[in-house]
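This report describes one protein chain for a reader who has not seen it before. The sequence and the structure come first, and the description follows.

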Amino acid sequence: MKFKKAIYATFLTLLAFVFQGCGNAAQSQDTAQKLVDEFHRQLSQKKYSEIYRDSNDTLKNSINKEDFIKFISDAHEKMGSFKEAKLLNVIKKSAFFGKGRPTIFMTYRSTYSNYLVEELFIFEEKNSKIEFAGYKYTLFESDSKS
């Protein structure tokens, strides 16, 4: 009987770890969507330094400021002017047993003047704050380019 209680208690503890951070998932996604809007605004205004400044340590540890500005300015030049974005997919990954940070991956299909672009935004949660942690884009031919 004591053995069953110990297993039950262990199971509940493990379950609590698995669902750690899941309670604010909708709020985290809303915040991340606002950060995507801010990214597009800053990109349109060529405020590349501000995008880097507002990113978290994960991004800053993976690329220095000068290389990031070159990457994002080259991308912006290729893509052209931002027009609109549509959210396609959201994946939320919780921290597991205290390892890593809760992460949100958001995929958008965005329309720019030169291309349709699939954009992947990565956000991490740190101290109950959502932070910009990464960006990847894929260019597709625009329907207007015939």
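## A buried serine

Ser-28 has a relative accessible area of 9% and is therefore buried. Buried means under 20% relative accessible area, exposed means over 50%, and partly exposed lies in between, with a 1.4 Å probe and protein chains only. Ser-28 belongs to helix α2. Beyond its neighbours within four places in sequence, Ser-28 is in contact with Ile-104, Glu-125 and Ile-130; contact means heavy atoms within 4.5 Å.

## Basis of the description

The model is predicted: local features need pLDDT of at least 70 and side-chain atom pairs count only at pLDDT 80 or more, while totals for chains, interfaces and linings use all residues. Residues are numbered from 1 along each chain as its sequence is written, and side-chain values use heavy atoms, with hydrogens and water left out.

## The chain as a whole

The chain has five helices and four strands, in the order α-α-α-α-α-β-β-β-β from the N terminus on. Helices (H or I, at least four residues) and strands (E, at least two) are DSSP runs, numbered from the N terminus. Of the 146 residues in the chain, 30% are buried. Among contacts with a separation of 6 or more, 51% are between residues 24 or more positions apart.

## The sheet

The four strands form an open sheet in the order β1-β2-β3-β4, with antiparallel pairing; two strands pair if DSSP finds at least two bridges between them. β1 (82-93) and β4 (129-141) stand at the edges with a single partner strand each, so one side of each has no neighbour in the sheet. From one strand to the next, the twist averages 20°. Axes are lines fitted to C-alpha atoms, for helices over the stretch in contact, and angles run from 0 to 180 degrees between N-to-C directions.

β1 and β2 are joined by 10 bridges, and Lys-86 has Arg-109 in β2 as its bridge partner. Nine bridges join β2 (residues 103-112) to β3 (residues 115-126), and these two strands form a hairpin with two residues between them. Seven of the 10 residues of β2 are buried, so β2 is largely enclosed by the rest of the structure. Helix α5 (residues 65-79) lies across β2, β3 and β4, at about 40° to β4.

## Core and aromatic rings

The largest nonpolar core has 24 residues; those that touch the most other members are Phe-39, Leu-43, Met-79, Phe-121, Phe-123, Phe-132 and Tyr-135. Such a core is a set of buried Ala, Val, Leu, Ile, Met, Phe, Trp, Tyr and Cys residues joined through side-chain atoms within 4.5 Å. At least two residues of this core come from each of α2 (25-44), α3 (48-53), α5, β2, β3 and β4.

Rings of Phe, Tyr and Trp (its six-membered ring) pair if their centres lie within 6.5 Å; planes under 30 degrees apart count as stacked, over 60 as edge-to-face and the rest as tilted. By this rule there are 13 aromatic pairs. Phe-68 and Phe-71 have ring centres 6.5 Å apart and planes at 50°, so this pair is tilted. Phe-68 is buried at 2% relative accessibility, whereas Phe-71 is partly exposed at 31%. The rings of Tyr-108 and Phe-121 have centres 5.7 Å apart and planes at 90°, so this pair is edge-to-face.
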